[in-house]
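User: Hi! I'm new to this one and would like a friendly tour. Could you walk me through a few spots?
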Amino acid sequence: MIRPWHTWTAFGVCLAVVLAAMGWISLTVLRLDRAEVKASRQAVAEESIRLALWRMDSALGPLIAQESQRPYFNYRAFYSAERAYTRMFNEIQPEEVLLPSPLLTFASPSILLHFQIGPDGRITSPQAATGAMRRLAETAYTTPSAIDDSSRQMEKLNGLISADTLFAALPDVTDHSIKLARRMDGALPAPATPDQTASLSARQSQTYRSGVEQQARMGQQRLNMDNYFNPNAAQTTADVSLGAMKPLWMEQALLLARRVSVNDQSYVQGCLLNWAHIQQWLEEEVADLLPDAELEPVTSASPGEDTRILAALPVRLIPGEVPVAAADPASPRRMSLLIAWGCVLLSAVAVAVLLSGTISLSERRAAFASAVTHEMRTPLTTFRMYTEMLLKGMVPDEAKRKRYLTTLSVEAQRLGHLVENVLAYARLERSRGDRHLEDQTLQELIDRAKK
């Protein structure tokens, strides 16, 4: 019989192999589960970031569209009603009818100042009128304090930007422009060609087209007004091209500017944006998605190099800590792993109990065999001794011979009873015991047990 410690050693080795395999599988499954949770969180975070970028660009859209649609002559404090879309940048004559620019009284928390840079590099602003224009503006349109504030902003802007650098940073007016060739024979401003609009970005194209339509409608209105006030001015022409508005950083100033060509003279028109207000405004717009979001200026990288740069402004989104829902601890993988471990441990306990029972049964069988052998040895010894004595004639007395024979008969019955018990035990182990049923009294059972 195999020794018990051999059995338990083999069981321990097999159990160690199974547990090692389960441990490796568990580590692999947990690593995959953590990777999936991390990927899911990253996907949720990226979706929140994309939604935040879209929301900020959507919030900036009306501001960009409004500035892109402004007529080029709005960047003077007053302009002549008789020269709409013609010689707007020529000196105003005393007899001309003047109209105030909408920018003269424009106020927005997101824009500090509108400005224009002429071919001579001088910066002017319709909100910071000087001389006679200032006196005219103060009469009914604005206040001296407002003009003084705008003048201070213009001085500050003059110290931050360089006209040559700004001209070089803006795209050439022939690349992305609205052609407004105005003839006093009744023609409308010519719309942009498909090649001109195709070069614009997807987000600017709609604004660009709507700006063209607005420019055309205003051109027709001004044309009718000119024909009324000055019917003899049919030979006056002006060739105007408007470039696309481009946001850019100049030192610490965030500008929204465009190139304008009037009769082959280049100008820059745009506005100085209030970056502090815009930054706070945009961060509040996405506070529910990215509570720790920050915006930082982008002065060197192009928007195509970073997906977290706004399309409307050269600003990068720093999302910070993105709030993500906690992972479910009872994930399908973890629950499957827990069930597998439970099955393995339960199987190990069941095998251990089975081995323990088998070993115990083997030990009892060995003890039974030893006891039966000992019990059978006694009658066999008696048989051998009495048989030899009778065969050799060592018992001459007839009474003793008879007593010896009686002893041999009793021992034979005893031996037969032992053999019958061994056979019955064997049949019980094979589950093939006799199923004979009989009725017996209690006394009969006692007498049978005594034999």
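Analyst: Happy to! A term to start with: strands, labelled E, are DSSP runs of at least two residues, numbered from the N terminus. Also keep in mind that this is a predicted model.

User: Thanks! Where does Thr105 lie?
Analyst: You'll find Thr105 in the loop that links strand E2 (98-100) and strand E3 (111-117).

User: Is Thr105 buried, exposed or partly exposed?
Analyst: Thr105 has a relative accessible area of 47%, so it counts as partly exposed, since that class runs between 20% and 50%.

User: And what separates the C-alpha atoms of Thr105 and Pro126?
Analyst: Those C-alpha atoms are 9.0 Å apart, while the two residues are 21 residues apart along the chain.

User: New topic: at what angle do helix H2 and helix H3 pack?
Analyst: The angle is about 135 degrees, and the axes of H2 (residues 131-140) and H3 (residues 144-160) are 9 Å apart. H2 and H3 are therefore oblique to each other.

User: Which residues make that contact?
Analyst: H2 brings Arg134, Ala137 and Glu138, and H3 brings Pro144, Ile147 and Asp148. By type, the residues where H2 meets H3 are 3 nonpolar and 3 charged, with no polar ones.

User: What is Ser261 in contact with, leaving aside neighbours within four places in sequence?
Analyst: With those neighbours set aside, Ser261 is in contact with Val173, Asp239, Val240 and Ser241.

Conventions: Residues are numbered from 1 along each chain as its sequence is written. This is a predicted model: local features need pLDDT of at least 70, side-chain atom pairs count only at pLDDT 80 or more; totals for chains, interfaces and linings use all residues. Side-chain values use heavy atoms; hydrogens and water are left out. Contact means heavy atoms within 4.5 Å. Axes are lines fitted to C-alpha atoms, for helices over the stretch in contact, and angles run from 0 to 180 degrees between N-to-C directions. Helices (H or I, at least four residues) and strands (E, at least two) are DSSP runs, numbered from the N terminus. Angles under 35 degrees count as roughly parallel, over 145 as roughly antiparallel, 65 to 115 as roughly perpendicular and the rest as oblique. Ala, Val, Leu, Ile, Met, Phe, Trp, Tyr, Cys and Pro count as nonpolar, Asp, Glu, Lys and Arg as charged, and the others, Gly among them, as polar. Buried means under 20% relative accessible area, exposed over 50%, partly exposed in between (1.4 Å probe, protein chains only).
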